Amino acid sequence: MRCPHCGNVEDKVIESRTLANGEAIRRRRECINCNYRFTSYERLEDKQFMVVKRDGRREPFDREKLERGVERALEKRPVSQMQIESLVNEIEDTTAILSKGNREISSTILGDLVLERLGSIDKVAYIRFASVYRHFENLDEFIREIQKVGGEP
Ligand SMILES: [Zn+2]
């Protein structure tokens with residue numbers, strides 16, 4: 001955990017204690033760099049992260065599913081498993097930030113987020129993902145999408 005005093009990320013835990021109600025663990029930590037002592041609390045995420053679909057139904061956020069979608073879009077593309085992993089991590093983190101603590105995000109925003117990240121690493125994957133997620137209504141729309149990323153239809 002990042003030291004609030006010097007910013008170093010290495011510390012040692014000097015004391016761990018479960019709070020009386022059992023809902024949190026309190027840890028006393030000491031920075032390895034400057035010996036500053038600080039406290040962290042560990043709590044269970046009691047609310048499952050939800051994705052709100054277009055029709056208003058909610059389903060639990062499924063990291064595996066997201067990863068499969070990204071992998072399918074990047075099939076046979078020059079992108080490593082490591083890049084896929086970090087892309088999914090990034091999306092997951094951004095999702096948590098965007099949800100502003102209410103633990104849910106719309107499937108449209110999530111889809112756009114994936115598109116944005118895919119577009120920055122591989123244009124072909126972007127088109128593949130867009131064609132599945134946005135369900136292009138007509139050819140014009142598809143061509144516009146391709147032109148937006150600078151590819152040839
Ligand atoms: Zn420190």
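I started with a pair of helices: α1 and α2 are oblique to each other, a label for angles that are not under 35 degrees (roughly parallel), over 145 (roughly antiparallel) or 65 to 115 (roughly perpendicular). I noted that the axes of α1 (residues 63-73) and α2 (residues 81-98) cross at roughly 130 degrees and come within 10 Å. For these values, axes are lines fitted to C-alpha atoms over the stretch in contact, and angles run from 0 to 180 degrees between N-to-C directions.

I then checked the hand of the α1 and α2 crossing, and it is right-handed.

Before going on, I wrote down the ground rules. This is a predicted model, where local features need pLDDT of at least 70 and side-chain atom pairs count only at pLDDT 80 or more, whereas totals for chains, interfaces and linings use all residues. Residues are numbered from 1 along each chain as its sequence is written, and side-chain values use heavy atoms, with hydrogens and water left out.

Which residues of α1 and α2 meet? I listed R63, L66, E67, V70 and E71 from α1, and Q81, I84, E85, L87, V88, N89, I91 and E92 from α2, taking contact as heavy atoms within 4.5 Å. By class, I have 6 nonpolar, 2 polar and 5 charged residues there. Here Ala, Val, Leu, Ile, Met, Phe, Trp, Tyr, Cys and Pro count as nonpolar, Asp, Glu, Lys and Arg as charged, and the others, Gly among them, as polar.

Next I looked at the whole chain. I found 5 helices and 6 strands, in the order β-β-β-β-β-α-α-β-α-α-α along the sequence. These are DSSP runs numbered from the N terminus: helices are H or I with at least four residues, strands E with at least two. Of the 153 residues, 31% count as buried.

Then I turned to the loops. K76 sits in the loop between α1 and α2, with phi near 60 degrees, a positive value in a residue other than glycine. Is K76 buried or exposed? At 78% relative accessibility, K76 counts as exposed (buried is under 20% relative accessible area, exposed over 50%, partly exposed in between, with a 1.4 Å probe and protein chains only).

N35, in the loop between β2 (24-31) and β3 (37-43), also has a positive phi, near 65 degrees.

My last stop was R103, in the loop between α2 and β6 (104-106). R103 is buried, with a relative accessible area of 19%. Its C-alpha atom is 8.7 Å from that of V51, 52 residues apart along the chain.

Conventions: A crossing is left-handed if the near helix is turned anticlockwise from the far one by less than a right angle, and right-handed if clockwise.
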